[in-house]
Amino acid sequence: MSANKSHRAEGQNQTGNDTNQNKEVAASVNSIQTCFSLLPTLSVNIKNILGENCQVRVMADSGSESTFISEKCLKLLGLKRKNARFQIKGLQDFKIAMTRGCVEIDLVSLHDPKVKLPVKAYVLEKLTAPLPTEK
């Protein structure tokens, strides 16, 4: 069974001229109990710092109100982040992580480069824990 847990981020947005205090951002995560469930993933292109398409795998979580990118992916793409720090919290105000900035990117279809989804992704050290292994 898996239970859907809701998370939110609180903090001061310091990107550009936007200085909204106490902005809340919600995201969801599936917790694993006796068996596991996986969120769907898809492959898309994201342009790196040189403007070249790089194929990346993204996790689709329809319950999340925010988009996140790992520190490793950001570095591999060579993208520059903007300042944005939010505390990600879960149930009972449990502190999950602190964002490390944000980046604006386009998720581009592998099949039709005209299909693009612009997103603002918040940077986290890592997005998932290692997947469980079956014994």
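This is a predicted model: local features need pLDDT of at least 70, side-chain atom pairs count only at pLDDT 80 or more; totals for chains, interfaces and linings use all residues.
Residues are numbered from 1 along each chain as its sequence is written, and side-chain values use heavy atoms, with hydrogens and water left out.

The protein has 1 helix and 9 strands; helices (H or I, at least four residues) and strands (E, at least two) are DSSP runs, numbered from the N terminus. From the N terminus on, the order of the elements is β-β-β-β-β-α-β-β-β-β. Of the 135 residues in the protein, 31% are buried, where buried means under 20% relative accessible area, exposed over 50% and partly exposed in between (1.4 Å probe, protein chains only). A contact is defined by heavy atoms within 4.5 Å. Among the contacts with a separation of 6 or more, 50% come from residues 24 or more positions apart.

Strand pairing was assigned where DSSP finds at least two bridges between two strands. Strand 5 (residues 67–70) runs parallel to strand 9 and is joined to strand 9 by 4 bridges; here Ile 69 has Val 123 as its bridge partner. Strand 8 and strand 9 pair in the antiparallel sense over 7 bridges, and Ile 105 stands opposite Val 119 of strand 9. Strand 6 and strand 7 are also antiparallel, with 3 bridges, and Gln 87 stands opposite Met 98 in strand 7.

Not counting residues up to four places away in sequence, Ile 46 touches Glu 52, Asn 53, Cys 54, Val 56, Leu 77, Ile 105, Asp 106 and Leu 107.

Asn 48 lies in the loop between strand 3 and strand 4 and counts as buried because its relative accessible area is 12%. The side chain of Asn 48 reaches the backbone nitrogen of Leu 50 at 2.9 Å. This is a polar contact, that is, a pair of N or O atoms within 3.5 Å; within protein, one must be able to donate a hydrogen and the other to accept it, and residues adjacent in sequence count only if both atoms are side-chain atoms. Beyond four places in sequence, Asn 48 touches Cys 54, Leu 77 and Leu 79.

Thr 99 is buried because its relative accessible area is 1%. A polar atom of its side chain lies 3.0 Å from the backbone oxygen of Ala 84, and the side chain of Thr 99 reaches the backbone nitrogen of Phe 86 at 2.7 Å. Leaving aside neighbours within four places in sequence, Thr 99 is in contact with Ala 84, Arg 85, Phe 86, Ile 88, Tyr 122, Val 123 and Leu 124. Ala 84 lies in the loop between helix 1 and strand 6 and is buried, with a relative accessible area of 0%. The C-alpha atoms of Ala 84 and Cys 102 are 5.8 Å apart in space, although the two residues are 18 residues apart in sequence.

The structure holds 1 aromatic pair. Phe 86 and Tyr 122 form this pair, which is edge-to-face, at 5.4 Å centre to centre and 85 degrees between the planes. The pair links distant parts of the chain, with Phe 86 in strand 6 (residues 85–89) and Tyr 122 in strand 9, 36 residues apart. Rings of Phe, Tyr and Trp (its six-membered ring) pair if their centres lie within 6.5 Å; planes under 30 degrees apart count as stacked, over 60 as edge-to-face and the rest as tilted. Phe 86 is buried at a relative accessible area of 1%, and Tyr 122 is buried at 7%.

The structure holds 0 disulfides, a disulfide being a pair of cysteine sulfur atoms within 2.5 Å. Cys 54 is in no disulfide, and the nearest cysteine sulfur, that of Cys 73, is 8.6 Å away. Cys 54 counts as partly exposed because its relative accessibility is 22%, whereas Cys 102 counts as buried at 0%.
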